[in-house]
Amino acid sequence: MTQAELRVLIVDDEAPARARLRDLLGDVRREQPNRVVGFAANGEEALRLIDAEAVDVVLADIRMPGMDGVSLAQHLNGRGDPPVVIFTTAYDQYAVQAFDLSVADYLLKPVRASRLVEALDKARKLCQAGEAPAGEDKPLSVTERGRILLVDIAKVLFLRAEQKYVTARTAEREYLLDESLVHLEETYPGRFLRIHRNCLVARQAISGIEREAGEGEGRWLVVLEGLDEHLPISRRQWPQVKAILDL
């Protein structure tokens, strides 16, 4: 039976290293079918590419400017249905940390073809084991002042798109996310209800619906537990919201 191609993203800040991995992946394609879907020079670029392109496996260097490989793996661990990460590095002191992050393998440079085949085989098995939908209890991964914060998704009251970012609001504070609202809606399909093109609210946090004060009929607003701010429901979403809440 023919194996499916693994879609691979190469993340390394050095162009020669990216080229070597690309060539090596070509060399082992018969044993481990794969296709390189992109290249990134750091973690931030990798996350943007992963948002735009389906990726099964990330081959990531550890020491990179900006978001390094460890931070990238931590960030991906906080996402729903993340790609499998394989570290490729010239340094062996990160091995314990790598496996604490549940990466599939840890390849020392220069990477040998036989080790790459082994690592891709592990990654393939992990991809196949993870074909079921991701659980809706995965925390949100937030990058803040160079740290990775994991936010309990059950504490999030609403998600709102504002300009280039999405804001996650808990009873205590706001967090800025890099993921799109559409991606978050797909990751947590049963947890949030879309009330506006730019807003998702946590279903369990809804305590009621009320009319906006003022002349005329006014808009309908969602009232959330533990939050003074009431969120407007768009006319387009009102029929769906009304039906789901059985109003």
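Author: One term before the cores: a nonpolar core is a set of buried Ala, Val, Leu, Ile, Met, Phe, Trp, Tyr and Cys residues joined through side-chain atoms within 4.5 Å. Buried means under 20% relative accessible area, exposed over 50%, and partly exposed in between (1.4 Å probe, protein chains only). This is a predicted model: local features need pLDDT of at least 70, side-chain atom pairs count only at pLDDT 80 or more, and totals for chains, interfaces and linings use all residues. Residues are numbered from 1 along each chain as its sequence is written, and side-chain values use heavy atoms, with hydrogens and water left out.

Reader: Which residues touch the most other members of the largest nonpolar core?

Author: Leu140, Leu159, Ile195, Val201 and Leu224, out of 32 residues. Strand β12 (residues 199–202) gives the largest share, four residues. Helices (H or I, at least four residues) and strands (E, at least two) are DSSP runs, numbered from the N terminus.

Reader: Switching to α2. Which residues are buried there?

Author: Gly43, Ala46, Leu47 and Ile50, in a helix that spans residues 43–52. They cover an arc of only 100° around the axis, so they sit on the same side of α2. That arc is taken from the directions from the helix axis to the C-beta atoms. Arg48 and Ala52, on the other side, are exposed.

Reader: What do the buried ones pack against?

Author: β1 (6–11), β2 (34–40), β3 (57–60) and α3 (69–77).

Reader: And the sheet: what is the strand order?

Author: β2-β1-β3-β4-β5, an open sheet of five strands with parallel pairing. The edge strands are β2 and β5 (105–108), each pairing on one side only. Two strands pair if DSSP finds at least two bridges between them.

Reader: How many bridges join β4 and β5?

Author: Four, in the parallel sense, with β4 at residues 84–89. Threonine 88 stands opposite leucine 107 in β5.

Methods: Contact means heavy atoms within 4.5 Å.
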